[in-house]
Amino acid sequence: MIRAEIINTIGRQFLSTNIENDEFSYPKAFTAAHKDFAAVKTGSFQNLDIRFIDKQARVAVLVETKQNFDTVYEKAKQQLNAYMAYERALTGYAVIGILANTNDDRIRVWRDEVSDETFLKEQIAMTSFADYRNIVAPLRINNKEEVIKNTYRLNELLHGLGIDERLRSQLVGTCILALKRQLLYKGLETEQILSGIYKVLCDLLRNDSDINRADKLSILHTEVLQDQKVELLKAEDLIAILDFINDGIMPYINEETAKGQDLLNLFFTTFNKYVGKADKNQAFTPDHIVSFMCDVIGINHMSRVLDPCCGSGAFLVRAMTNALNDCKTESERNTVKKERIFGIEAEKKAFGLSTTNMLIHGDGNSNVRKGSCFDLEQWIKNAHINRVLMNPPYNAQRPYCQPSYVATWKKDCKEDPSKGLHYLYYIAETVGSGKLAVLLPMQCAIGNTGDIKKFKELMMQHHRLDAVFSLPAEMFYPGASVVACCMIWELGIRHESANIPTFFGYFKEDGFVKRKNLGRVERVDPKTGEGAWKAIHDKWLQLYQTRTAEVGLSAVQKVSYDDEWCAEAYMETDYSTLSEKDFIQKLVDYSAFLVQNEEV
């Protein structure tokens, strides 16, 4: 990598030089700072090739270039180590040191000093200053507990100001977008603040295609900024909202780290629970389940991901986060954002939410289309999708279903009799190959009559049922009450021809519990402070990947379309853990399930 490429990749705005050729003389810097260079001088090393500084974050990135550091490796390490020591003595900053070859792209990276203990072996490609800064000095501290508490408080603030539930999430997302770009709002009137937010939106969407840009701007402008209740907010009330987000949410989320992205997604998903649809059974998928589904189907930087019913964009954001975490270069990251994530949403408010969500997570050119997936068949095919994540509507009315399928309904039928399975089949056939993860009501897994049976048979004629996970009964609380399962499909492989048994997971215990005013939150060990979910996630994934049958948790079974697709039908029960209370609760749960599905 040549010198100019190194500077542009890390960030020219952070470049610090005090002699010609953009190099940095430590003797000169020490003299200017009235410090004794001789006290820290090591050998003849004096002039560093490239120095980057962020004074506010107190971080330095030092780069020493060689044509081929293999031929002078030990001396090159001594030289870089000397510069890192000079920097610590000069500024006291946290330091990243990099040896970089100019005849290829290989680098070696250390933190604080050059030693085996501080060698960052995972750093194999040059990246941005922000990435290096977050290795040594994150700008914000990720604090899940504070974010959850303040999410509830923010909702109460908006409720007190008369902001409708359907508007709150979109308004908060729009405010976050503006605040991330240093929105000026102190001392301004409501109209001036809203104009400033609109300008931020225009700048963010400038690179979108004309049609997408117009759709997104129109929705965000008319549905949020021009909403009567927003326009009528007193300036001090709108400022109070912005202050709360700025002081009570953003300082606890460092979105430039993987953990921060997780936390930002948790915040946005939590807020989206307050957003309703005409369909009261609309289910916003919890972020930890979204994360698990992405891990199951193996999202990486080469994945081309589609969510054809993307709602607020939770699947898209998680897929993008996983893919970006797998990237090694800025070029790979840009490719993921511009060419690898695809979404479709028909409803106007939900489309606005997905747009905001993607923009918050740094994607200004997301391929999210407004419309019906049934009208975008060729667009889907042109995207060459190899991974699908979806949570289709379970009770979609006639206008939102595939027209050719609706034509087969009885006249008095008002809602999708397949409970979302016809969405699954259409997407599976359109995409054709790859892996697909879908959330559906348990009725789709165990049903054996009517359209449910028909689409189960059609799916198996063309695709392989790889796994089905029975998920927590109250997973969507406080939203929909439906009991859901997750199906994993291998597309383009006939189920019977594959002759491979299906894995069934009884994944009902996810480590989350209901808390008043907070919904379902992760259980935390008071002694260690560790959340319960990680260990459960790892266990679920290990059982699936090894296709292990474990008493009380999983089974492996060959099934056909007319069988029940759930772990409960095939796994052994661990009766040693069953109490009378558990038995009674299961009877209550089963009775509730029968009532919900009109089977009693």
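Reader: Which residues of the largest nonpolar core touch the most other members?

Author: The model is a predicted one. Its largest nonpolar core holds 99 residues. In soluble globular proteins, nonpolar side chains tend to be buried together. Those that touch the most other members here are Leu389, Ile427, Phe469, Met487, Trp489 and Trp565.

Reader: Which residues is methionine 487 in contact with, leaving aside its neighbours within four places in sequence?

Author: Contact requires heavy atoms within 4.5 Å. With neighbours within four places in sequence left aside, the partners of methionine 487 are Leu436, Ala437, Val438, Leu440, Cys444, Ala445, Leu465, Ala467, Val468 and Trp565.

Reader: How many residues does the other core have?

Author: This other core lies apart from the largest one, and its members include Leu167, Val172, Ala178 and Leu205. Its number of residues is 36.

Reader: Is helix α6 largely enclosed or open, and how many of its residues are buried?

Author: Buried means a relative accessible area under 20%. Helix α6 has 16 residues and is largely enclosed by the rest of the structure, because the number of its residues that are buried is 14.

Reader: How far apart are the end C-alpha atoms of α6, and what span should its residues have?

Author: Helix α6 covers residues 165–180, and at 1.5 Å a residue it should span 22 Å.

Reader: What is the bridge partner of glycine 505 in β17?

Author: Strand β14, residues 502–506, runs antiparallel to β17, and 4 bridges join the two. Within β17, glycine 505 is bridged to serine 554.

Reader: Is serine 354 buried or exposed, and what does its side chain reach?

Author: Serine 354 lies in helix α15. Its relative accessible area is 0%, so serine 354 is buried. Leaving aside neighbours within four places in sequence, serine 354 is in contact with Cys310, Gly311, Ser312, Gly313 and Val368. At 2.8 Å, its side chain reaches the backbone oxygen of phenylalanine 351.

Reader: Which strands stand at the edges of the sheet of 4 strands?

Author: This open sheet has mixed pairing and the order β3-β4-β5-β6. Its edge strands have a single partner strand each, so one side of each is left without a neighbour in the sheet. They are β3 (50–54) and β6 (107–111).

Reader: Which helix lies across β3, β4, β5 and β6?

Author: Helix α1 lies across β3, β4 (59–66) and β5, at about 10° to β3. The helix that lies across β3, β4, β5 and β6 runs at about 130° to β5 and consists of residues 129–136. It is α4.

Technical notes
Residues numbered from 1 in each chain as written. Predicted model: local features only at pLDDT ≥ 70, side-chain atom pairs only at ≥ 80, totals over all residues. Heavy atoms only, no water. Expected span 1.5 Å × (residues − 1). Buried < 20%, exposed > 50% of the residue type's maximum accessible area, 1.4 Å probe, protein only. Pairing = 2+ DSSP bridges. Core = buried A, V, L, I, M, F, W, Y, C linked by side-chain atoms within 4.5 Å. Polar contact = N/O pair within 3.5 Å; in protein donor to acceptor, adjacent residues only side chain to side chain. Axes fitted to C-alpha atoms, helices over the stretch in contact; angles between N-to-C directions.
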